[in-house]
Amino acid sequence: MSTVNPQPLWQPDPERIAQARVTRFQAWPAENHGAPAEGGYAALHRWSVDELDTFWKAVTEWFDVRFSTPYARVLGDRSMPGAEWFPGATLNYAEHALRAAATRADEPALLYVDESHQPRPVTWSELRRQVASLAAELRALGVRPGDRVSGYLPNIPQAVVALLATAAVGGVWTSCAPDFGARSVLDRFQQVEPVVLFTVDGYRYGGKEHDRRDIVAELRRELPTLRAVVHIPLLGTDAPEGALEWSALTAADEEPVFEQVPFDHPLWVLYSSGTTGLPKAIVQSQGGILVEHLKQLGLHCDLGPEDRFFWYTSTGWMMWNFLVSGLLTGTTIVLYDGSPGYPDTGAQWRVAERTQATLYGTSAAYVMACRKADVHPARDFDLAKVQCVATTGSPLPPDGFRWLHDEVRHDLWIASVSGGTDVCSCFAGAVPTLPVYVGELQAPSLGTDLQSWDPSGKPLVDEVGELVVTNPMPSMPIHFWNDPDGSRYHDSYFDTYPGVWRHGDWITLTSRGSVVIHGRSDSTLNRQGVRMGSADIYEAVERLPEIKESLVIGIEQPDGGYWMPLFVHLVPGAVLDEALLSRIKQTIREQLSPRHVPDEIIEVPGVPHTLTGKRIEVPVKRLLQGTPLEKAVNPGSIDNLDLLHFYEELARKRA
């Protein structure tokens, strides 16, 4: 790819650079730990990966991490998997998340917004009180450090309270959104055997009420380890028999007690999308998440007490956990429970306006949907407070960068970020002191030795390679649940390059220090040795007004050939005629590469996704290679299983 020096789309002014927390942070290790005072972010990043132990020590000092017992070393063992962070240290995540209550008791910790788009505040003192009350009740129910506590909850204040109360007692939190069906939830929760389940009676989405009481009853039947079920009457119904009332558990007024746990004590379990087999149950630690999120939110996202942090997410996606960690920096977090596009496509911008969000995060797909729907955020909403719009979930196409720049504000900081559920953080993305180039992430994150490698493990610059991380990050999983010998964990990240994390994305590190993500490497399109990420194809094809969404698959054939179909889901009224076919081919030929013009373009009734909204490329590839549906995909992880029958039938016809 070309990495000639283009003009940046955005450049922070000198005042913004001087005021950024990462600038102020850099002075601290420069003064106290021998870090470079000059050279800006690039010099700080180089130092952070070369002097990993000292960097993380500086992070804990700068953010005043409270260790109730001191650590012996920063890194007891550097090997991956199995790195040992801050051995000997004890602390509590929830204690840090609630620290602002001491100085800002009556200011909002949470702003809760439903589809009425009217924000409702929960103050720091009220959040702290509810967490204290619920934590005491969890202890009374017999919840002990290491016990799992689960939530079948939408993005509401009660979910935040339940997570923090669980962490306060040393329990292990895990959650699913209530749009997940019973099978999907059980595939996750049955693995970890929770002792308490927090549930709602239903939720509101797209202007409708969705009753979930039957699903809750099924979860109770199928989770024999439950000792208690807590009912949150979001739709106003009575608690089912034997369930406890949320209001009764959060009524007391007492001081919170924070269990001091080892640094590597489990905090929560997140789940991979589980498109094949059971979802991986990914366990991350209290200390690892605490320091990683302080770095990511406090330095990279530049968040502090004066900020308001809104990310559109659900409790079934790691971005919800990341959002809750905004509390660690004293930031007010915005919880939006509702459809991203109700009552109209501009809904999220309205929430950003009404909550006066300073950092607003969303998906690249939502940005492109707004562009297609002719939404004009700056014209229709007062977004004066929004300093940064961040995107994740998939690479933000160049047109998305330009649209945000043109339609929100010319001096807008646009932060496309990339990481994963696996680390509940970002490998690369936001840096408030660096320029933004169209289609690029600003830089690798501090402490993250992000590289692009060829198949033999040679680092590449300005060339597409595998995304690898060559040193440990504190938020890497401590283990997977039910993986006693660690083999599943090892095989997920370390089987290609021993001792080095391979994430499964194609990436380019440019000679300017920026990063381009090209999509998943395990569904990469490799035509005659020229590799291209699927994201590049989607970005080009979906500019065409007739294309609602697309899916491209590359399949190695038994005879050594390569079949590359492009599946297109058309907007209502559009027809896949010869004219449209030739425009699709011409678009790919001219904008990407003649080699990547698809062999066939096939109209489909829809594109299947995981429950967190990612297109499922690999399972469709397996179906087309003749794998039976039940072996190619975990049905409970798909948003619309019926769509897969089309691809199954196509495979049958081709065979």
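Trainee: How far apart do the end C-alpha atoms of residues 41-97 lie?
Mentor: The gap between those end atoms is 27 Å, and the span is 46% helix and 12% strand. Helices (H or I, at least four residues) and strands (E, at least two) are DSSP runs, numbered from the N terminus. Mind that this is a predicted model: local features need pLDDT of at least 70, side-chain atom pairs count only at pLDDT 80 or more, and totals for chains, interfaces and linings use all residues. Residues are numbered from 1 along each chain as its sequence is written, and side-chain values use heavy atoms, leaving out hydrogens and water.

Trainee: Okay, sheets next. In what order do the seven strands of the open sheet come?
Mentor: The order is 5-4-17-16-18-19-20, and the pairing is mixed. Two strands pair if DSSP finds at least two bridges between them.

Trainee: And which strands stand at the edges there?
Mentor: Those are strand 5 (120-123) and strand 20 (413-416). Each has a single partner strand, so one side of each is left without a neighbour in the sheet.

Trainee: What about strand 4, is it mostly covered or open?
Mentor: Strand 4 covers residues 108-113, and six of its six residues are buried, so the strand is mostly covered. Buried means under 20% relative accessible area, exposed over 50%, partly exposed in between (1.4 Å probe, protein chains only).

Trainee: How does strand 4 pair with strand 5?
Mentor: Those two run antiparallel, joined by four bridges.

Trainee: In which sense do strand 4 and strand 17 pair?
Mentor: Parallel, over four bridges. Tyr-112 faces Leu-335 of strand 17. Strand 17 (residues 332-336) also pairs in the parallel sense with strand 16 (residues 308-311), over three bridges. In that pairing Arg-308 stands opposite Thr-332.

Trainee: How many bridges join strand 31 to strand 34?
Mentor: Five, and the two strands run antiparallel, with strand 34 at residues 565-570. Ser-550 has Val-568 of strand 34 as its bridge partner.

Trainee: Switching topic: where is Asp-147?
Mentor: Asp-147 is in the loop between helix 6 (124-140) and strand 6 (148-152).

Trainee: Is that Asp-147 buried or exposed?
Mentor: Buried, with a relative accessible area of 17%. Leaving aside neighbours within four places in sequence, Asp-147 is in contact (heavy atoms within 4.5 Å) with residues including Gly-142, Val-195 and Arg-227.

Trainee: Last one, how many disulfides does the count come to?
Mentor: The count is zero, taking a disulfide as a pair of cysteine sulfur atoms within 2.5 Å.

Trainee: Then which cysteine sulfur is nearest to Cys-176?
Mentor: That of Cys-424, which is 15 Å away. Cys-176 counts as buried, at 1% relative accessibility.
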